[in-house]
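Dear colleague,

Here is the structure I said I would pass on. Please have it open while you read the notes below.

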Amino acid sequence: MNDTDPTLPAGAPLPPDELGRRLTEVFDLVGPLYRRALRKVEQGEAVEGASVGVRSVLDLLRRKGDMTVPQLSRIQALSRQFVQRMVNEAAAHGWVEIVPNPAHQRSSLIRITGEGRSLIAAVLDREHTLNREVGGELTDAEVRACVRVLTEMLRTFDHVEVDD
């Protein structure tokens, strides 16, 4: 049986109305979690020197390789202007470099530097240490389910345009 509707067998998909109500609970938790996590990352800015926005750009470049500002902004659902400011900040510190894009002359590629890789590694190590403190004896299956749910929720809003 499931927690909300005893007539549904365990593992059965929720009906749309019930799913909508339950996912509202998730949104109600994700907002405060996101804001608190950002504050914690910002506290680390004094240590590493990277703002939350720069941290996001560096991590994305670390994971996906060279990208253009429009690509970075689309993936992060942020305005191009904001991402450009973060790229400029990172470039001023030597954490990224702006290189010609053979596929598009007007949209340069942003490439993480060795110094940028070192910085994001330090940030991620600090975040990993904090995340190790999460309690609840969570299982791999629970974390996988959480990631699956959040991925589906994010996919629902893929069509939403970000203001430029």
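The structure holds one aromatic pair. In this count, rings of Phe, Tyr and Trp (its six-membered ring) pair if their centres lie within 6.5 Å, and planes under 30 degrees apart are stacked, over 60 edge-to-face and the rest tilted. Phe 27 lies in helix H1 and Phe 157 in the segment after helix H6 (140-156), so the pair ties together parts that are 130 residues apart in sequence. Helices (H or I, at least four residues) and strands (E, at least two) are DSSP runs, numbered from the N terminus. Phe 27 is partly exposed, at a relative accessible area of 44%, and Phe 157 is partly exposed at 43%. The classes are buried under 20%, exposed over 50% and partly exposed in between, with a 1.4 Å probe and protein chains only.

This is a predicted model, in which local features need pLDDT of at least 70 and side-chain atom pairs count only at pLDDT 80 or more, while totals for chains, interfaces and linings use all residues. Residues are numbered from 1 along each chain as its sequence is written, and side-chain values use heavy atoms, with hydrogens and water left out.

On confidence: pLDDT is the predictor's confidence in each residue, from 0 to 100. The chain has a mean pLDDT of 88, and 92% of its residues reach 70 or more.

Next, a helix contact. The axes of helix H2 (residues 52-64) and H4 come within 9 Å and cross at roughly 85°. Axes are lines fitted to C-alpha atoms, for helices over the stretch in contact, with angles from 0 to 180 degrees between N-to-C directions. H2 and H4 are therefore roughly perpendicular (65 to 115 degrees; under 35 is roughly parallel, over 145 roughly antiparallel, the rest oblique). Contact, meaning heavy atoms within 4.5 Å, involves residues including Val 54 and Val 57 of H2 and Phe 82 and Met 86 of H4.

Lastly, two backbone angles. Most residues other than glycine have a negative phi. Ala 77, in the loop between helix H3 (69-76) and helix H4 (80-92), has a positive phi of about 55°. Glu 137 has a positive phi of about 50° and is found in the loop between helix H5 (114-131) and H6.

Regards
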